[in-house]
Amino acid sequence: MYNSSLNFILNNLSNKKMMNSLKAAAVDYQKLVMVCIGLLLFTSFCAYAQNGVVRQPKGSLKLQKTGKDKPRNIIFILTDDHRYDALGFLKAQTFIQTPSLDRMAREGAYLPNAFVTSSLCSPSRASILTGLYAHKHQVVDNNNPVSKELIFYAQYLQQAGYQTALIGKWHMGGEFDDPQRGFNHWVSFKGQGSYTPTTQGLNVDGKPVPQKGYITDELTDYAVEWLKKQKKNEPFALYLSHKGVHGNFEPAPRHRGKFKDHTFLPPATMLPGVHQDAPMWVQDQRNSWHGVGYPYHSNLDISEYYKSYAEALLGVDESVGRVLDYLQEAGLSESTLVIYMGDNGFQFGEHGLIDKRTAYEASMRVPMLAYSPGLIKPGTVVKEVVANIDIAPTVLEAAGLKAPDYMDGKSFLPLLKGRQTDWRTALLYEYYWERNFPQTPTLYALRGDRYKYIHVHGLWDIDELYDLQEDPQETVNLIHSPEHRQIVKEMNKQLFAELKSTQGMYMPLYEHGGGQNNLRYEYGTPAADFPSYLKRDKTVSSPDERKTPAKAGAKNLEKER
């Protein structure tokens, strides 16, 4: 068998020069075989990485039933760019008022440690629908198409007899609004849509329909109307996906100016110099499209921008209230699980930045609430780290179905019920550089219960480590702290172990599309200085001397430690 395998390998590898080198290097016969097999495996992996998404199981969409609880109706409400602390009961800002969401937390469950594994619209939405990391589903930006081989949780629910509906923003895989697989009823719009009516209109079950009014209200009208049409003997699953509160923030006319007299409390790291040992790319981003010094290449007032955001959020909160009120009026509260979350966070000055994409808390952390009287005890607080990849498995379990093994996420339904269960100790985060917004590099991070490790890829810069228990605002980068070296080493190892175990040791690459937001303000924040502990004031005359830092360099390093 070894002889025939070896001959096959040797005859089918075209690079004879390489094989001759390998033969000379691998004197031992078995070593030669292993080297050749390794080359074939590497070639196969490269082909797999180029050919697209991780292949999902073919065949039936029928899942095994858990046989635990009676399947529940499901309503998943997603908002755009809703940051984790923009909830009234958290009192982060006086102008954040969310009575309906506060009600969900009070009468249901609040999940304070909820995150997204990629802080960007399309990748996060794909992870919600598939239960997969972005490097698996490969929807890594807002421009490229979604593979037809991806399976959405709605398809499994359909197979199990659920009536399903998507009402709202799809925004996954480009500018289109065509009905997608897994949904019996469809109401959507192209791309980001519009808060107020335009000629674009809506797509309702494949037909163009004019938009009549403020989008948050209109989507809620469609949602409640569809809920009223559902038969009592058939389970339903609604995915209500709001445009709000995506920028540019446009409140409903009834909410405009409501918070004009309130005062914005800026985060400490909004000021230069507060963020200790910040990477150069973070300092440089202050003066960019996504920085407080040149926001969206304008003189935008961040405080007024945040207040407009809060006013737009009022419409979303009222929408949630309308859905909860209907469930109560129709006697459906006990049989329905409602989950609310944001698709990603949003920075309003943290670390001198705005928008999302980064691995900082304000970017990757999101609000998450769950409501289901009889299933969830009022006032429940789930402290475990949960994520968007956990939505699909949770929804499937609530429907009485066992989630497929290929999903990266886990059901947090037991946690909502107050039960103890084995759970993750850390969560993987990933963001892939976009040519459209070049100021944020490719980032990988591991978010644990206490520490967060951020690994930058492709830049001559430094990584980051934060003690979230002692430093929740992430003001002190501990990456060069002698006391934390072992933690850095362990978290780096754990990060790459998670990437390896989930087929993430490659980077998706797509053709360029769209323009670039790559300007800087000439009189704004200057470029960052190179870290002092990486500087040397002397050159060396031999390779041996490179092993020992120059005198001044050594002093700088010791000082930093």
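At what angle do helix H4 and helix H10 pack, and how far apart are their axes? This is a predicted model, where local features need pLDDT of at least 70, side-chain atom pairs count only at pLDDT 80 or more, and totals for chains, interfaces and linings use all residues. Residues are numbered from 1 along each chain as its sequence is written, and side-chain values use heavy atoms, with hydrogens and water left out.

**Helices around H10**

H4 (residues 99-107) packs on H10 (residues 302-329) at about 50°, with the axes 7 Å apart. Helices here are DSSP runs of H or I with at least four residues, strands are runs of E with at least two, and both are numbered from the N terminus. Axes are lines fitted to C-alpha atoms, for helices over the stretch in contact, and angles run from 0 to 180 degrees between N-to-C directions.

| Helix pair | Crossing angle | Axis distance |
|---|---|---|
| H4 and H10 | about 50° | 7 Å |
| H8 (residues 215-228) and H10 | roughly 10° | within 10 Å |

H4 and H10 are therefore oblique to each other, whereas H8 and H10 are roughly parallel. The cut-offs: under 35 degrees is roughly parallel, over 145 roughly antiparallel, 65 to 115 roughly perpendicular, and the rest oblique.

On the H4 side, the residues that meet H10 include Leu101 and Met104, and their partners in H10 include Val320 and Leu324. Contact means heavy atoms within 4.5 Å. That H4 contact with H10 splits into 5 nonpolar, 3 polar and 3 charged residues. The classes go like this: Ala, Val, Leu, Ile, Met, Phe, Trp, Tyr, Cys and Pro are nonpolar, Asp, Glu, Lys and Arg are charged, and the others, Gly among them, are polar.

Over at H8, the contact with H10 involves, among others, Thr220 and Val224 of H8 with Val316 and Ser319 of H10. Its residues come out at 4 nonpolar, 4 polar and 4 charged.

**A four-stranded sheet**

Further along, 4 strands make an open antiparallel sheet in the order S16-S17-S18-S19. Strands count as paired if DSSP finds at least two bridges between them. The edges are S16 (426-431) and S19 (464-467), each pairing on one side only. From one strand to the next the twist averages 15°. S16 and S17 (residues 442-448) pair over 6 bridges, and tyrosine 429 stands opposite alanine 445 in S17. Helix H14 (residues 485-501) lies across S16, S17, S18 (451-457) and S19, at about 65° to S18.
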